Amino acid sequence: MRPYEELIVDIPNYPKPGVVFKGLTPAFADADAFAAMVDDLAAHFADRGITKVVGAEARGFIVGAAVALRLGAGFVPCRKPGKLPRTVLRESYALEYGTDVLEIHADALISDDVVLIVDDLVATGGTTTAMVRLVRASGARLAGLGFVMELAFLNPRAAIAAETDAEVFSLVAVE
């Protein structure tokens, strides 16, 4: 794996005072770094028989679709409410100040699918655990969860472990 930390930009006081936002867009804009991130995530899960990658709107689409392509798997977008035109499975999750909802098409995953959840970042684990529950509701098997960056100081692995024992893998952990 490569040292991706040098391509992550700290943006103080965004989106609110006291928060240091970790920006990944410079890493996405660097063709070599982006390819390496995708390669490293895909290589880690290459022997798992992944048939579908699920990625959350919006930056999870960027990384997840590229990883799916590398793995020779399909990509399933996990969207905000009202964005998918057919019957959906939906799952709500807690935010700092309320709740939100994610949806996938009800026929996007089948019981024979082996699924990898991919996102650019995992913070508290709320979005991720909602995706885990959607995969479970579909009857597919969750093989793992891959992230470019994990905000480990927020302990997302505890929330994820409460939902699944699937492996969690991150390229960068921020302590």
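By class, the residues that line the largest pocket of this predicted model comprise 17 nonpolar, 8 polar and 8 charged residues. The lining is made up of 33 residues, and the space in the largest pocket amounts to about 1100 Å³. Nearest the centre of the pocket are Arg59, Leu121, Ala123, Thr124 and Leu151. Several secondary-structure elements each supply at least two residues of the lining: the strands S2 (20-23), S5 (88-95) and S7 (114-122), together with the helices H3 (59-71) and H4 (126-138).

Helix H3, one of the elements that supply the pocket lining, also packs against helix H2 (residues 31-44). Two packed helices are described by the angle between their axes and the distance between the axes. For H2 and H3, the angle is about 60 degrees and the axes are 9 Å apart. Angles of 65 to 115 degrees count as roughly perpendicular and those under 35 degrees as roughly parallel; H2 and H3 are therefore oblique to each other. Their crossing is right-handed. The residues of this contact divide into 10 nonpolar and 2 charged, with no polar residue. On the H2 side, the contact is formed by Phe34, Ala35, Val38, Asp39, Leu41 and Ala42. These residues meet Ile62, Val63, Ala66, Val67, Arg70 and Leu71 in H3.

The backbone geometry of the loops also deserves attention. In the loop between strand S3 (52-56) and H3 lies Ala58, and the peptide bond that leads from Glu57 to Ala58 is cis, with omega near 0 degrees. A cis peptide bond is also found from Tyr14 to Pro15, where omega is near 5 degrees. Pro15 has its place in the loop between strand S1 (9-12) and S2, and S2 is among the strands that supply residues to the lining of the largest pocket.

The loop between S1 and S2 also contains Asn13. Phi of Asn13 is near 60 degrees, which is a positive value in a residue other than glycine. A positive phi is likewise present at Asn155, another residue other than glycine, with a value near 55 degrees. Asn155 is located in the loop between strand S8 (141-151) and helix H5 (156-161).

Notes
Residues are numbered from 1 along each chain as its sequence is written. This is a predicted model: local features need pLDDT of at least 70, side-chain atom pairs count only at pLDDT 80 or more; totals for chains, interfaces and linings use all residues. Side-chain values use heavy atoms; hydrogens and water are left out. On a 1 Å grid over the protein atoms alone, a cavity is a set of points where a 1.4 Å probe fits but cannot get out, and a pocket is an open set with protein on both sides within 12 Å along at least five of seven lines; lining residues have an atom within 4 Å of a point. Grid points are joined across faces, edges and corners, and a volume is the space filled by probe spheres set on the points. Helices (H or I, at least four residues) and strands (E, at least two) are DSSP runs, numbered from the N terminus. Ala, Val, Leu, Ile, Met, Phe, Trp, Tyr, Cys and Pro count as nonpolar, Asp, Glu, Lys and Arg as charged, and the others, Gly among them, as polar. Axes are lines fitted to C-alpha atoms, for helices over the stretch in contact, and angles run from 0 to 180 degrees between N-to-C directions. Angles under 35 degrees count as roughly parallel, over 145 as roughly antiparallel, 65 to 115 as roughly perpendicular and the rest as oblique. A crossing is left-handed if the near helix is turned anticlockwise from the far one by less than a right angle, and right-handed if clockwise. Contact means heavy atoms within 4.5 Å.
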